[in-house]
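Thanks for passing this one along. Here are a few notes to read with the model open beside you.

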Amino acid sequence: MSDRFSRTELILGKDAIKKLASSRVAVFGVGGVGGYAVEALARSGVGALDLIDSDKICLSNINRQIIATQNNIGQYKVDEAKRRVLSINPDCVVRTYKIFYLPETEDMFDFSQYDYVVDAIDTVSGKLALVENAKKTGTPVISSMGAGNKLDPTAFRVADIYSTSVDPLARIMRYECRKRKIDKLKVVYSCEKPLCPKKEETSDGNGENLSDVNEKNAARRSVPGSTAFVPSVVGLIIAGEVIKDLTGINAK
């Protein structure tokens with residue numbers, strides 16, 4: 001009999017579908033990359049999803065974030081992601097956390113309860129804390145490197161952090177992981193050199209000019225450019241790796 005995951009079962013098999021239904025995956029960051037990862041995980045039949053993100057949807061999210069529409073601007077991303085997941089699979093257990101993951105908030109999470117962790121956040125300190133805590137409990141983790149300021153969706157690769165090149169964020173993560181004696185980390189990174197954002201009068205959807213933000217935050221972090229077809233690819237690659245690892249398909 002046909003059901004919502006019957007086409008997936010034709011490829012993965014019945015045992016894999018059962019494994020996914022009993023798995024719990026935490027997705028840290030549900031924006032451009034994380035939102036598409038959540039979408040694919042839900043459509044693959046993952047039985048429980050923990051969604052962690054403190055942000056609300058704004059107008060400038062619409063160009064690349066699957067949960068963002070004109071109708072839900074101002075709503076919390078995790079709430080909108082939960083609604084979307086449950087509209088796909090009402091049996092999925094979805095837990096939401098409206099927090100920004102940093103070393104200061106890491107104690108809120110017990111990583112031993114997760115079967116897999118997806119890192120789709122964009123702060124180095126948060127990414128490192130996430131990876132370290134996942135490693136302590138032996139929980140598999142996959143981390144997204146830089147997806148901003150990229151135009152070539154075919155340039156993304158799955159690799160260990162120490163095999164990466166070109167990507168500026170990956171370079172920083174390699175250095176910091178080595179300092180922390182983290183011996184391996186699965187990542188998705190791009191071989192494409194980042195483009196320089198064009199300075200134009202662009203609003204972020206909250207009434208603030210992005211070129212002004214770039215100037216004010218130059219010493220901290222500039223606002224990256226992005227498209228509909230790059231973060232989505234990264235999110236789907238990540239979800240594919242999670243599904244393959246959870247079901248053991250990579251080992252066959």
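**Notes on the predicted model**

1. Let's begin with a side chain: that of Arg-157 reaches the backbone oxygen of Thr-154 at 2.8 Å. Please keep in mind that this is a predicted model.

2. Where does Arg-157 sit? Its place is in strand E6, residues 156-160. With a relative accessibility of 38%, Arg-157 counts as partly exposed, because that value falls between the 20% limit for buried and the 50% limit for exposed.

3. Leaving aside residues up to four places away in sequence, Arg-157 touches Val-187, Val-188, Tyr-189 and Cys-191. Val-188 is 31 residues from Arg-157 in sequence, yet their C-alpha atoms are 5.5 Å apart in space.

4. Next, have a look at strand E5, residues 141-144, which is covered on both faces. Val-141 and Ser-143 are buried on one side, and Ile-142 and Ser-144 are buried on the other. In a regular strand, side chains alternate between the two faces of the sheet.

5. Strand E5 has a partner in E4, residues 116-119: the two pair in the parallel sense over three bridges. In this pairing, Val-118 stands opposite Ile-142 of E5.

6. Finally, the helices. The axes of H2 (residues 14-21) and H8 (residues 231-247) come within 9 Å and cross at roughly 110°, which makes H2 roughly perpendicular to H8. H2 contributes Ala-16, Lys-19 and Leu-20 to the contact, while H8 brings Ile-243, Leu-246 and Thr-247. By class, this contact has four nonpolar residues, one polar and one charged.

Conventions
Residues numbered from 1 in each chain as written. Predicted model: local features only at pLDDT ≥ 70, side-chain atom pairs only at ≥ 80, totals over all residues. Heavy atoms only, no water. Axes fitted to C-alpha atoms, helices over the stretch in contact; angles between N-to-C directions. Helix = DSSP H or I, 4+ residues; strand = E, 2+ residues; numbered from the N terminus. Parallel < 35°, antiparallel > 145°, perpendicular 65-115°, else oblique. Contact = heavy atoms within 4.5 Å. Nonpolar A, V, L, I, M, F, W, Y, C, P; charged D, E, K, R; others polar. Buried < 20%, exposed > 50% of the residue type's maximum accessible area, 1.4 Å probe, protein only. Polar contact = N/O pair within 3.5 Å; in protein donor to acceptor, adjacent residues only side chain to side chain. Pairing = 2+ DSSP bridges.
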